[in-house]
Amino acid sequence: MRLITTFTRPATAAAALAALLVLPGCANLASPQAWEKGDLARPAMRMDGDPLEGRFSQHIFASKEAAAGGAGVGGGGCGCN
Amino acid sequence: MAVSSLRAGLAGVVANLAAQAPALAAPEPGAAAPDFELDGPAGRVQLSKLQGKLVYLDFWASWCGPCRQSFPWMNDAQARLGPRGLQVLGVNLDARSADADKFLAETPARFQVAFDPKGDTPKRYGVKGMPTSVLIGPDGRVLLTHSGFRPDDKAELEARITDALNRMAATGGRSAT
């Protein structure tokens, strides 16, 4: 209810509308060119962190918690793992 | 008022899409290689000054693994085929020159090097992957564009380079086509 009254104020509504109209500007953020990927290539930008550490924690999960998989792209779902 | 601002917003979106036009297409084989002049560790480097030689132009960066792999091969090619008219030219595309200097200290380049931190040349050459190499004949025309570098690529690249050098020798160094 509070939210609705907030957005019925003309100034706030106009500001919200303006913010919405400005948002497509983000579409202008072009993807980096092949030679601009220096920062993306840094080890800190990896999704999975250190591969050795990842294997280690997988081992812990498997041996102590009897859990396997779920750390990456899975198999075909045949239930045979 | 809302309608007009919406229209302005839409116009902005359309303008954004237009501004996102991709970089220039890579020069086709047979097309003239775009000339450039860049700073290098040993002074200015200008592509057109290398006319008369077979130029192996390589775009590389310090953070690119295959580029690092290609350096020993390029050193070797320059040493072996340089006397026959080959000039390897490595254009570094690091935004921070300190990264390039560190790479060159670890991986010495025994061929010509130039720095393009602004990335203007790769745009004009339509570079799509790192590294990208362009083989340019003695007449300044593109013979071959190659993206990426795997150890398996060496034989093919070397065959194309030797073939071009043989043709150069046959035409008295004027052309390699």
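This is a predicted model: local features need pLDDT of at least 70, side-chain atom pairs count only at pLDDT 80 or more; totals for chains, interfaces and linings use all residues.
Of the 81 residues in chain A, buried residues account for 2%. In the segment that comes after α3 (51-65) of this chain lies A:A66, a residue that is not a glycine and yet adopts a positive phi of about 55°. Most residues other than glycine have a negative phi. A:A66 is exposed, because 7 other C-beta atoms are found within 10 Å, and the cut-off for an exposed residue is 12 or fewer.

The largest nonpolar core comprises 37 residues, and those with the most contacts inside it are B:Y56, B:L89 and B:I136. Two or more residues of this core are supplied by each of β3 (54-60), α2 (65-81), β4 (86-92), β5 (112-115), β6, β7 (142-147) and α5 (153-170) of chain B, with β3(B) giving the largest share, six residues. Nonpolar side chains tend to be buried together in soluble globular proteins. When residues up to four places away in sequence are left out, B:I136 touches B:A33, B:V55, B:L57, B:R141, B:V142 and B:L143.

The peptide bond that joins B:M130 and B:P131 is cis, with an omega of about -10°, whereas most peptide bonds are trans.

Technical notes. Residues are numbered from 1 along each chain as its sequence is written. Chains are lettered from A and ligands numbered from 1 in the order in which they are written. Helices (H or I, at least four residues) and strands (E, at least two) are DSSP runs, numbered from the N terminus. A residue is buried if 20 or more other C-beta atoms lie within 10 Å of its own, exposed if 12 or fewer, and partly exposed in between; C-beta atoms are placed from the backbone. A nonpolar core is a set of buried Ala, Val, Leu, Ile, Met, Phe, Trp, Tyr and Cys residues joined through C-beta atoms within 7 Å. Two residues are in contact if their C-beta atoms, placed from the backbone, lie within 7 Å.
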